[in-house]
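Below is a short report on one protein model. It covers salt bridges, nonpolar cores and a pocket.

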Amino acid sequence: MTPTQTEVAQRRGTPQDSDGTSVISVRNLWKVFGPKADRVPESEELCGLSRRELMDRTGCTAAVRDVNFDVAPGEVFVVMGLSGSGKSTLVRCLTRLIEPTSGEVVFEGQDIREADAARLRDLRRRKFSMVFQHFGLLPHRRVVDNVAFGLEIRGMSKAERTKRALEVVELVGLAGYENSYPDQLSGGMQQRVGLARALAGDPDVLFFDEPFSALDPLIRRDMQNEVIRLHHEVGKTMVFITHDLSEALKLGDRILIMRDGKMVQCGTGDELVGAPADDYVREFVKDVPRGDVLTLRWIMRELQDGDELDGPELGPDVVVKEATRAVLAADKPVKVVENGKLLGIVGDEEILSVVAGQEGGA
């Protein structure tokens, strides 16, 4: 019994279960580099060419090709792809650090492409913050002054910005290092300073462009956990760019997979693993432990004549790994119940099919 895309979206905090208003709406977005780039999105013939064919025919490269998505309030939206997939170009188009060639990026009811210089400056100072792979800290400034730098540019008084900076320094776990300089900190601590600087201005949206890819694995894991903790505490909308599937699955409410500038699939982690859109996605997720990602909603079966209904109950969004012990220990199938409604049942066979599939490399 495979859940529909709407069911998956509604339980994971995506646009369908907000009030219908997205924080960011992207429509038919293109970014083409090269001579007379604007003719490419307008030409049905050129749009249909592969990346290599387009380069040979026009000398242009389409880094982002007809991308569409919405980001809901409070959502962690991950854009994932290999090098050259267009993911970093995409996130820069969202803030117009790179000018899109065509399409719409709507924020607060306005297409950002139509924003004048003053509006764009205000968006970058007050509404958006970016966290990059390279921390960009000012080496001659202490931690507290690095964190307060954006507030200083806004014109906030020294007392106010220092107070706010100290609050955010504590929030990201750097209390006691306020007066240290960047070169006295580890890479992970420097990235925490960058994260604190992004949070200091209380932006509506945080953009992360592969912020942890240069960090050692253990520090990277700590920073991922930090992002999750901060998201739970401050609830910011986040757009996160990564090439790492495990990072995407760990952080993302939904994940957009890109290839050669195009969208391949957009969905929750369990949707990508449970129902990959094509062979490309299937290859991407083949080594993911299915029991760590899929929920009972994906493996439950419909009630049949003869099934006994006095077994224990679990919710449909319990991950298979977490449900395995309870299901195997029960002498009758586990009922999958949501809001008092019986959705299906899960027994040994359903659980073991997932476990066996993992061991077999499926």
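Is E338 buried, partly exposed or exposed? E338 is partly exposed, with a relative accessible area of 27%. Here buried means under 20% relative accessible area, exposed over 50%, and partly exposed in between, with a 1.4 Å probe and protein chains only.

## Basis

This is a predicted model: local features need pLDDT of at least 70, side-chain atom pairs count only at pLDDT 80 or more, and totals for chains, interfaces and linings use all residues. Residues are numbered from 1 along each chain as its sequence is written, and side-chain values use heavy atoms, with hydrogens and water left out.

## Salt bridges

The whole structure holds 29 salt bridges (a side-chain nitrogen of Lys or Arg within 4 Å of a carboxyl oxygen of Asp or Glu). E338 pairs with R297, with the closest N and O atoms 3.2 Å apart. R297 sits in helix α16 (residues 296–299) and E338 in strand β12 (residues 334–338), so this bridge ties together parts 41 residues apart in sequence. Helices (H or I, at least four residues) and strands (E, at least two) are DSSP runs, numbered from the N terminus. R297 counts as buried, at 6% relative accessibility.

D204 bridges to K127, with the closest N and O atoms 3.5 Å apart. D204 lies in the loop between α10 and β7 (205–209) and K127 in helix α6, so the pair links parts 77 residues apart in sequence. D204 is partly exposed, at 32%. Shared partners join E108, R119, D122, R126, K127 and D204 into one salt-bridge network.

## Nonpolar cores

A nonpolar core is a set of buried Ala, Val, Leu, Ile, Met, Phe, Trp, Tyr and Cys residues joined through side-chain atoms within 4.5 Å. The largest has 60 residues; M80, V147, L195, F208, I257, I299 and V346 have the most contacts inside it. Helix α10 gives the largest share of this core, seven residues. Apart from it lies another core of 29 residues, including V67, F69, I112 and L123.

Leaving aside neighbours within four places in sequence, L195 is in contact (heavy atoms within 4.5 Å) with V131, V172, F208, M223, E226 and L230.

## Largest pocket

The largest pocket contains about 600 Å³ of space. Its lining has 23 residues, with R124, F128, S129, M130 and R197 nearest the centre. On a 1 Å grid over the protein atoms alone, a pocket is an open set of points where a 1.4 Å probe fits, with protein on both sides within 12 Å along at least five of seven lines; lining residues have an atom within 4 Å of a point. The volume is the space filled by probe spheres set on the points, which are joined across faces, edges and corners.

Elements α6 (117–127), β6 (128–132), α8 (149–154) and α10 (187–200) each supply at least two lining residues.
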